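Please keep the sequence and the structure in view while reading.

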Amino acid sequence: MLEIRRRECDEVRGLRGWRLIYGRRKVGKTYLATRCLDFDEYYLVTRGLTVLRGEEELQLDEGVRAVVKSLREGRTVILDEFQRLPETYLDVVSTAHPNGTLIFLASSLGAVKKVIDRNSPLLGLVLPYRLGIIKYSDALASVRDPFKALLFRDPWVIEHASGWDDVERNISSFYYVVKGLIGEIFQEEDRKLTQTYEAILLEVAGGMWNSTLVASRLAAMDMNPQKASSYLDTLFKMGLIKKIKVYKGGRGSEWYYDLDSPVMSVVLYAEAKYRVSEGLRGRVDLTYPISKELQFSIGEMLAEYYGTELAYSPHGDIDVILMRKGRPFIAYEVKNSFSGREAEKAVERIKAFGIPRAGIVGVLEDPPPSEDSIGPSRLIEMAEEITERSSGGEAEKG
């Protein structure tokens, strides 16, 4: 199976002492920890509140005692899905500190509260580390294909699809997997996947990018912008939604909301537009959501490359804006390919919006010359430079 080298491997290796690696379901926490870290024992807390140690199933008391015993003997222990432990067991685990190295893995934001809450016996003993989906630059450096890199940012997809065509052909199957995964995230957060949350996720996937638009679409559910904003904030904290700054030419601030996972965004778009859960009628066209997600992922990588902040302008129809100290540094139009006239118009539109530099990104073929023209080969080179830099190589680009 394809393996993508993640820079987080070096980052978690560099952490010292007891630590918590947390993030939403299926972002690769267990895989990363067991592949990147030297450890002696691995334990998993089950939903039935037993503890698995290899093929051996232990009762909870026995399992926690085994963890503490190993720590006191100076061993390195991984305790997966630790958030399932009842609060009383945290006191028992904390008695082993500072012996050994304990690596907690957890699938909920609530797990962080268990280690940083002022009443937690683990406060000050454990360093939290959040793991998200694979960075686009890491995926692109590994697979060397802009569209496959976008798809494989969610590691669970790798064993189910070789490209977006597989997703399109089996869209209803992917929808049910995504819905189940989201429901599992809510379960781990002790929240129900209510009709309201699900409706908001579908609206965001369908292009309703701010609280006002979401509220207007869900007015029948007694939704207003303030309520919508509160729900969106909760989804952001759960790792399901990301926020991108909206550049308005210096006229106030606003956020563009999008699903954090490209494959989730594309699949939920298909449900919002085509109701794939009710049975397909005709061909599902995923061109728009894939293009949108590719635009944002490339924008994230360019921001990373130049050490800038990513912004976007839905009003000016500018795909990628890179900000330095709150001011636009350069903006890009992103398309599969450009004619000479399309490239000229893109540059003119960017400059007319008051942005000093304009570039174009051709995903499938090299674009015409501009102040910064980036083709597919250069995208891959930039991804490789970022991964080299993150592993202690070259200095930041300016």
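The buried residues of α9 pack against α8 (164–169), α10 (195–205), α12 (225–237) and α13 (262–274), where contact means heavy atoms within 4.5 Å. Helices (H or I, at least four residues) and strands (E, at least two) are DSSP runs, numbered from the N terminus. This is a predicted model, in which local features need pLDDT of at least 70 and side-chain atom pairs count only at pLDDT 80 or more, while totals for chains, interfaces and linings use all residues. Residues are numbered from 1 along each chain as its sequence is written, and side-chain values use heavy atoms, with hydrogens and water left out.

**Helix α9**

- The 18 residues of α9 (residues 171–188) should span 26 Å at 1.5 Å a residue, and the end C-alpha atoms are 26 Å apart, which agrees; the expected span is 1.5 Å times one less than the number of residues.
- Buried residues (under 20% relative accessible area, with exposed over 50% and partly exposed in between, using a 1.4 Å probe and protein chains only) of α9 include Ile-171, Phe-174, Val-178, Leu-181 and Phe-186, as well as Glu-184 and Glu-188.
- After α9 comes Asp-190, which has a positive phi near 60°.

**Largest pocket**

- The largest pocket has a volume of about 730 Å³; a pocket is an open set of points on a 1 Å grid over the protein atoms alone, with protein on both sides within 12 Å along at least five of seven lines, and lining residues have an atom within 4 Å of a point.
- Val-27, Gly-28, Lys-29, Tyr-31 and Pro-155 are the closest to the centre of this pocket among its 31 lining residues.
- At least two lining residues come from each of α2 (29–36), β2 (41–45) and α9, and α2 gives the largest share, six residues.
- The lining comprises 16 nonpolar, four polar and eleven charged residues, where Ala, Val, Leu, Ile, Met, Phe, Trp, Tyr, Cys and Pro count as nonpolar, Asp, Glu, Lys and Arg as charged, and the others, Gly among them, as polar.

**Cavities**

- Two cavities of 30 Å³ or more are present, a cavity being a set of grid points where a 1.4 Å probe fits but cannot get out, and a volume being the space filled by probe spheres set on points joined across faces, edges and corners.
- The largest cavity, of about 70 Å³, is lined by residues including Tyr-175, Lys-179, Ile-182, Glu-198 and Leu-268.
- The second largest cavity holds about 30 Å³, and its lining includes Arg-24, Val-27, Arg-130 and Asp-260.
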